[in-house]
Amino acid sequence: MAEQIPFSIVENVLSSLGSSVAQKLGSMYGVRNQLKKLEEKLGTLNAVLLDAEDQLEKSYAVKDWVKRMKGVVYDVDDLLDDFATYRLRRGGAARQVSRFFSCSSSNQVAFHFQISGRVEDIKEPLDDIKKDIFLLGVVPHHTIRPWAYNIGRETHSSPSTSTSISLGQGNVRKKEIINLLVSPNNENVFIVAIVGIGGLGKTTLAQLVYNDETVKKHFEPQKWVCVCDESGHEVFGETALLKKITKSKNDERDKSQSLDDLKNELHKEISQKKYLLVLDDVWNNQSENWEKVRTLLEVGARGSKILVTTRNTEVSFMGSNTVPIKLEGLDIDESWKLFSDITFGGEENTVNPEIIKVGKEIVSMCNGVPLIIDTLGRMLKQFKSDLSKWVSIQKNENLLSLPHGNDNKKSLVQLWMAQGYIQSTNGNEQLEDIGDRYFKELLSRSLLEEVKKDDFNNILSCKMHDLIHDLAQSNVGSEVLVLSSDISNISREAHHISLFEETTSTMKAIMGKKAIAEKPIRTFLNLHQNYLKDSIILNSFLPRVMCLRVLSLSDLHIEKVPNCLGKLSHLRYIDLSLNGFKIFPNSITRLKNLQTLKVQGCWYLTKLPTKMRELINLRHLEDDRCYMTHMPHGIRKLTLLQSLSVFVVGNDKRWLKNYKVGRLSELKSLNQLRGSLCIANLQNVGEAELVSNRKILEEKEYLQSLRLKWGRLGQDEGYEGDKSMMEGLRPHPHLKELCVKGYGATEFPS
């Protein structure tokens, strides 16, 4: 099994070591020179990682070297994270230095020795790893993983691109499509849609049709447009699509051209001409958008055609005169021929018959998807004589108990963020947007499938093909551990632990064992209902996993959240949903790195910690299906918040005079909120507060759905002040959905 190189973490560690903050903190602890040397040595390792990855499957020595290197990188990452956390807890580096030097001399010495000792512990294994570079023969490269910053498609969208992937019935489909395109009709815009999941060869088939001589002679002009740009975002608005069609996006006049200018330019190119337009990789299924596009293109001559490639199986949104051509996967014989040609190069008769037998079973698991067959074939090509490798892919024992259910896309991106897999290269782009691009990249390469969307066309969830799942597990090897009833110990190589089945006794046993002590575990996910009411076990377990970035204790029937949770300073992601605790300890507000906090379905939870405002890096607070009476005072300071399921307006009169609750005004500064927001208990907003908080939602341009709830006892009618409330809130025009419950006025605002 291959070791995976954590490129993003290495890059992030190097960036942190070279920062001015690290230099200040290094000076404070007296280890500035040591950190500089760490940076230089890691820089040397970074330069050879690309070549090391190429040799992973060829050399056991390189595998072992990468394994040792990963351990050191994680240790450095933890050390720098501790630096940054200490700084955050004290309000910045300058303030931290001041406080440090105001401490007693004994504290200064203790700090110095503690940090210096950790740096020395890292230095020795790092020196050994650096020395082994020359023995392994890996070669430095100046650039690491350029594709990570330029996400694209699995098939380059161009009319002239060729591909090695066989189309099976491609020739039949090609003739069918050409006949549809060249057949006469009375429509100004006639659409042929090639439909199918990713990897079936939709773009390849469109290219073959586009370049056919019959088609070239029949249409003038021909235009090819890839609707998704290089970042994976779809471009389907009037202006953006016009720029693509007229190629003005590369023109210096682009910024100054108006919509009318672009329309005029398009009319000059296609007016009264019999054109063929290919729209490749279309995701948009909004009928109103398609109507605008059709209107733009109706200036062509009768007989003009549009050829679309899309994954949307329902094509009615494109219009009534649309003919779908649905691509199916290859049959078993075609699948094997493609796989055999790629893997054995037409020399199947020289291969071990046992490998042929296992290979055919693997191919049968590919469901006829050419891209998956191609990916597997190229990977197994280097193991033509290694039967054990083929068998491990065919029957991966680590995966037999894994359900391949829906993955929540939002949670997946949050988990990537928590592990440091997503980094912003310019500082301006939101991490969630970068994660969204990564997700779409996996979709485009058919590594994910069966996407589910909400009413606003946002991707909600997906599934992973069984075989791709097996390959992924095979590649990560022992770094990922799935807990089951037959596991009695945890290897030091395990960094990510998941629980997919009800094994309460096993979990209790492992959590209670000293064997888990000092393990470098970065993820612990419970993804199944278990019963762990006993807080003593958690109090024993949590202090032993101080490196955790991700902790999910959802659906464990926990009745008390341990105070020691606040000591896990590296945590970025906590899921405590579906538990029975009533009180949330204030200690959690010490987690300055926390990005995501989930408490969904915690029915007994009535309030959040009073110092929530100190979670300065919190981006997602998912608190629906709780019975909270108010939001904590000062939550307005969490300006990075992008998700806030429910905001509960508090009532000061219910609390002591010295206890402040979150009022409606707290929402005013939370302008990064996106997705859905529910504002509950609006009956607690007084007239004076309403006047001062008019237009409180006006700048929240990323919100798509808004729910407004009044929670009075008895009848809802007879509260005409609710109309003023509705008028005052005034959401942004981009809002797509508004739901109102418990509204007491007799009419809505105009």
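Guide: Let's start with a pair of helices: helix 10 passes helix 11 in a left-handed crossing. The model is a predicted one, where local features need pLDDT of at least 70, side-chain atom pairs count only at pLDDT 80 or more, and totals for chains, interfaces and linings use all residues. Residues are numbered from 1 along each chain as its sequence is written, and side-chain values use heavy atoms, with hydrogens and water left out.

Visitor: What makes the crossing of helix 10 and helix 11 left-handed?

Guide: A crossing gets that name if the near helix is turned anticlockwise from the far one by less than a right angle, and right-handed if clockwise. Helix 10 passes helix 11 the left-handed way.

Visitor: Why is helix 10 called oblique to helix 11?

Guide: Their axes come within 10 Å and cross at roughly 40 degrees. Angles under 35 degrees count as roughly parallel, over 145 as roughly antiparallel, 65 to 115 as roughly perpendicular and the rest as oblique. So helix 10 is oblique to helix 11.

Visitor: Which residues make that contact?

Guide: Contact means heavy atoms within 4.5 Å. Helix 10 brings residues including Leu-242 and Ile-245, and helix 11 brings others, among them Leu-262 and Leu-266. By class, the contact of helix 10 with helix 11 has five nonpolar, two polar and five charged residues. Ala, Val, Leu, Ile, Met, Phe, Trp, Tyr, Cys and Pro count as nonpolar, Asp, Glu, Lys and Arg as charged, and the others, Gly among them, as polar.

Visitor: What makes helix 13 and helix 15 roughly parallel?

Guide: The axes of helix 13 (residues 332-344) and helix 15 (residues 370-380) come within 8 Å and cross at roughly 30 degrees. Helix 13 and helix 15 are therefore roughly parallel to each other. This crossing of helix 13 and helix 15 is right-handed. Their contact has seven nonpolar, three polar and two charged residues.

How values were computed
Axes are lines fitted to C-alpha atoms, for helices over the stretch in contact, and angles run from 0 to 180 degrees between N-to-C directions. Helices (H or I, at least four residues) and strands (E, at least two) are DSSP runs, numbered from the N terminus.
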